[in-house]
Amino acid sequence: ITYLLLRVVAGLLFLQAGGMKMFDWFGGVPAQFGGHPKFLSQIWIGGALEFYGGAAILLGLGTRPIAFILAVRKK
């Protein structure tokens, strides 16, 4: 049960951070800093990785390779 809870919480945290960057959830990126990131910019790619990777971790799909990709991505 502990692994399930850790996976769900980690997935939700990544999903929230990616949704904030991509879809302006929870306040999003302020308009004074450009609002929505441009398609295929570094912030957009990071947001996409966090959003879709978090959703996959939340559902338990490919958790080890996706967690590795999310952990070693460049910032």
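What is the handedness of the crossing of α1 and α2? In this predicted model, the crossing of α1 and α2 is left-handed. The paragraphs below set this crossing in the context of the whole chain and then turn to individual residues.

The secondary structure of the chain consists of three helices and zero strands. Read from the N terminus, the order of the elements is α-α-α. Of the 75 residues in the chain, 25% are buried. The chain exposes about 5,500 Å², and carbon and sulfur atoms supply 72% of that area.

Two packed helices are described by the angle between their axes and the distance between the axes. For helix α1, which spans residues 2–23, and α2, the axes come within 7 Å and cross at roughly 150 degrees. An angle over 145 degrees counts as roughly antiparallel, and α1 and α2 are therefore roughly antiparallel to each other. The contact is made on the α1 side by R7, V8, G11, L12, F14, L15, A17, G18, G19, K21, M22 and F23. These residues meet I43, W44, G47, A48, E50, F51, G54, A55, I57 and L58 of α2. Sorted by class, the contact of α1 with α2 contains 14 nonpolar, five polar and three charged residues.

The C-alpha atoms of G18 and E50 are 4.6 Å apart in space, although the two residues are 32 residues apart in sequence. When neighbours within four places in sequence are left aside, G18 is in contact with G47, E50 and F51. M20 is also located in helix α1, but at 27% relative accessibility M20 counts as partly exposed. Between the C-alpha atoms of M20 and G47, which are 27 residues apart along the chain, the separation is 7.9 Å.

On the α2 side, W44 is found in the helix itself and counts as partly exposed, with a relative accessibility of 23%. The C-alpha atom of W44 is separated by 7.2 Å from that of K21, and the two residues are 23 residues apart along the chain. Apart from neighbours within four places in sequence, W44 is in contact with M22, P37, K38 and F39.

The packing of α2 with α3 was examined in the same terms. Helix α2 comprises residues 42–59 and helix α3 residues 63–72; the two pack at an angle of about 155 degrees, with their axes 10 Å apart. That angle makes α2 roughly antiparallel to α3. The crossing of α2 and α3 is left-handed. From α2, the residues in the contact are L49, E50, G53, G54, A56 and I57, and from α3 they are T63, I66, A67, I69 and L70. By class, the contact of α2 with α3 holds seven nonpolar, three polar and one charged residues.

L61 lies in the loop between α2 and α3. With a relative accessible area of 52%, L61 is exposed, since exposed residues are those over 50%. If residues up to four places away in sequence are not counted, L61 touches A56 and I66.

The backbone of the loop between α1 and α2 was considered next. Most residues other than glycine have a negative phi. In D24, by contrast, phi is near 60 degrees, a positive value in a residue other than glycine. D24 is located in the loop between α1 and α2 and is partly exposed, with a relative accessible area of 31%. L40 is likewise a residue other than glycine with a positive phi, here near 65 degrees. L40 is found in the loop between α1 and α2, and a relative accessible area of 53% makes L40 exposed.

Technical notes:
Residues numbered from 1 in each chain as written. Predicted model: local features only at pLDDT ≥ 70, side-chain atom pairs only at ≥ 80, totals over all residues. Heavy atoms only, no water. Axes fitted to C-alpha atoms, helices over the stretch in contact; angles between N-to-C directions. Helix = DSSP H or I, 4+ residues; strand = E, 2+ residues; numbered from the N terminus. Parallel < 35°, antiparallel > 145°, perpendicular 65-115°, else oblique. Left-handed = near helix turned anticlockwise from the far one by under 90°. Contact = heavy atoms within 4.5 Å. Nonpolar A, V, L, I, M, F, W, Y, C, P; charged D, E, K, R; others polar. Buried < 20%, exposed > 50% of the residue type's maximum accessible area, 1.4 Å probe, protein only. Areas by Shrake-Rupley, 256 points an atom, 1.4 Å probe, with all protein chains shown as cover.
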